[in-house]
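Take a look at the chain below.

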Amino acid sequence: YENKYIQYYIGSVINYIFAWPIFRRISRYIDFKFVKDNTYTSFFDRYSPDLVFAAHLFEEIEINLIREAKKRGVKTIGYINSWDKVTSRCMLRLLPDKAIVFNEIVKKELIDFNEMDSDEIFVSGLPQYDFFYTRKPIPKSDFFKKINISDKKELLVYAPMGRAFSSSDWDIIDLLNSLIKERKFKKECELLVRFQPNDFVDEDEIKKRPDLKYDKPGIRFGSKRGVDWDMNNDDLNHLQDTLYHMSILICYASSISIDAAIFDKPVININFEIKKIDKLLKSPVQYYQSSHYRNALNTWGISLVNSQDELINTINEYLDNPSIKKEERMRLVKEQCSYTDGKSGKRIADYIINYIK
């Protein structure tokens with residue numbers, strides 16, 4: 001263990017030193033001057049673009065685009081496409097001329113950790129949430145019929161983290177099912193499990209639970225978990241209908257907590273594990289310590305439960321009074337989404353067009 005401790009402390013010192021802004025600036029200069037990649041040279045020669053829009057700045061292919069554009073004097077805009085990228089990934093290898101972010105929190109993180117100037121960053125809101133504000137959900141009776149659940153029951157939705165991040169999902173699914181069967185809740189409930197669209201579900205586990213009601217949204221184009229997936233309009237509409245008609249969302253740390261808050265639905269995050277997990281990387285509770293998720297928890301719009309009894313009591317409190325923490329949920333939405341007018345996509349398009357002019 002001694003060698004591991006030495007490696008840990010040496011690594012910590014090196015990380016601390018190279019996290020200084022001066023070293024980040026030097027690193028970007030070296031990257032720009034000395035990294036050679038001609039992947040996109042022929043495309044720039046053929047199309048002579050006026051602007052390059054990089055939608056995923058933490059991918060190498062996007063950085064190669066930015067580098068080629070900078071060498072040719074082409075304008076660049078980078079899009080931070082998730083609330084956790086700036087603090088949970090490494091530094092940006094190259095900075096675009098302008099950046100678009102969801103909210104003021106990510107804007108400040110870009111300034112603090114990537115040396116971008118405030119006037120280079122545009123806060124747009126979340127375009128993927130626009131349809132939440134512009135589409136009308138289907139009637140409750142139609143939705144419950146679609147998912148084969150009685151509309152007389154309260155709908156509890158559990159959103160697993162996925163097997164890439166957690167070994168606890170099936171334990172929680174079984175726990176919630178057992179609590180429902182044992183009538184631990186004040187109202188009659190039914191459980192719907194909504195799996196992650198970017199994860200692969202263990203079909204053998206589903207077969208063990210033939211009565212399980214579940215959704216497997218999204219289309220995957222590869223055999224590995226990652227960004228090679230998408231959701232079509234039917235998936236998105238079904239998500240909105242689920243959020244609108246459910247009674248309570250239950251999950252570990254997840255951005256779907258914000259989705260639920262948009263519809264003013266109570267959100268419960270689980271802060272315990274039923275079985276002890278030896279591997280930290282498979283422990284879902286660790287993610288509550290991440291910077292981006294602490295920002296969400298600090299609004300108090302999410303109820304964090306630390307035990308099975310606390311989970312039961314909190315569910316019952318929300319079933320009795322769904323308006324508990326209403327103001328806190330609205331604060332969560334305001335801080336994370338910035339805008340709730342359904343026009344974030346338009347704001348991004350207008351910003352890009354105006355920058356080209």
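Leu175, Leu176 and Leu179 in α9 meet Gln308, Leu311, Ile312 and Ile315 in α14. Meeting here means contact, that is, heavy atoms within 4.5 Å. Helices (H or I, at least four residues) and strands (E, at least two) are DSSP runs, numbered from the N terminus.

Before going on, note that this is a predicted model: local features need pLDDT of at least 70, side-chain atom pairs count only at pLDDT 80 or more, and totals for chains, interfaces and linings use all residues. Residues are numbered from 1 along each chain as its sequence is written, and side-chain values use heavy atoms, with hydrogens and water left out.

How do α9 and α14 pack? Their axes are 12 Å apart, at an angle of about 55 degrees. Helix α14 covers residues 308-320. Axes are lines fitted to C-alpha atoms, for helices over the stretch in contact, and angles run from 0 to 180 degrees between N-to-C directions. The two helices are therefore oblique to each other. Angles under 35 degrees count as roughly parallel, over 145 as roughly antiparallel, 65 to 115 as roughly perpendicular and the rest as oblique. α9 passes α14 in a right-handed crossing. A crossing is right-handed if the near helix is turned clockwise from the far one by less than a right angle, and left-handed if anticlockwise.

## The nonpolar cores

Which residues have the most contacts inside the largest nonpolar core? They are Tyr158, Ile250, Leu311 and Ile315, in a core of 73 residues. Helix α9 (residues 169-181) supplies the largest share of this core, 7 residues. A second, separate core has 17 residues, including Ala54, Leu92, Ile121 and Val123. A nonpolar core is a set of buried Ala, Val, Leu, Ile, Met, Phe, Trp, Tyr and Cys residues joined through side-chain atoms within 4.5 Å. Buried means under 20% relative accessible area, exposed over 50%, and partly exposed in between (1.4 Å probe, protein chains only).

Tyrosine 158 has contacts beyond its neighbours within four places in sequence. Among them are Ile172, Ile173, Leu176, Ile250 and Ile270.

Alanine 54, from the second core, lies in strand β1 (residues 51-54). Alanine 54 is buried, at 0% relative accessibility. Not counting residues up to four places away in sequence, alanine 54 touches Glu62, Ile66, Ile77, Gly78 and Tyr79.

Isoleucine 262 sits in helix α12 (residues 256-262). At 14% relative accessibility, isoleucine 262 is buried too. Leaving aside neighbours within four places in sequence, isoleucine 262 contacts Tyr129, Phe132, Tyr133, Val333 and Cys337.

## Charged pairs

How many salt bridges are there? The count comes to 22. A salt bridge is a side-chain nitrogen of Lys or Arg within 4 Å of a carboxyl oxygen of Asp or Glu. Three of them are listed here.

| Aspartate 31 | Arginine 93 | 2.9 Å |

Why does the pair of aspartate 31 and arginine 93 tie together parts that are 62 residues apart in sequence? Aspartate 31 lies in helix α2 (residues 21-34), whereas arginine 93 is in the loop between α5 (85-88) and β3 (98-101). Aspartate 31 is buried at 7%. Arginine 93 is partly exposed at 29%.

Lysine 108 and aspartate 112 are 4 residues apart in helix α6 (residues 104-114), so about one helical turn separates them. Lysine 108 is exposed at 51%, while aspartate 112 is partly exposed at 36%.

Glutamate 205 is buried, with a relative accessible area of 16%. Arginine 209 is buried as well, at 16%.

## Positive phi in two loops

Most residues other than glycine have a negative phi. Arginine 183 has a positive phi, near 55 degrees. Arginine 183 is in the loop between α9 and β6 (189-194). Arginine 183 is exposed, with a relative accessible area of 66%.

Serine 338 also has a positive phi, of about 70 degrees. Serine 338 is in the loop between α15 (326-337) and α16 (344-356). At 28% relative accessibility, serine 338 is partly exposed.
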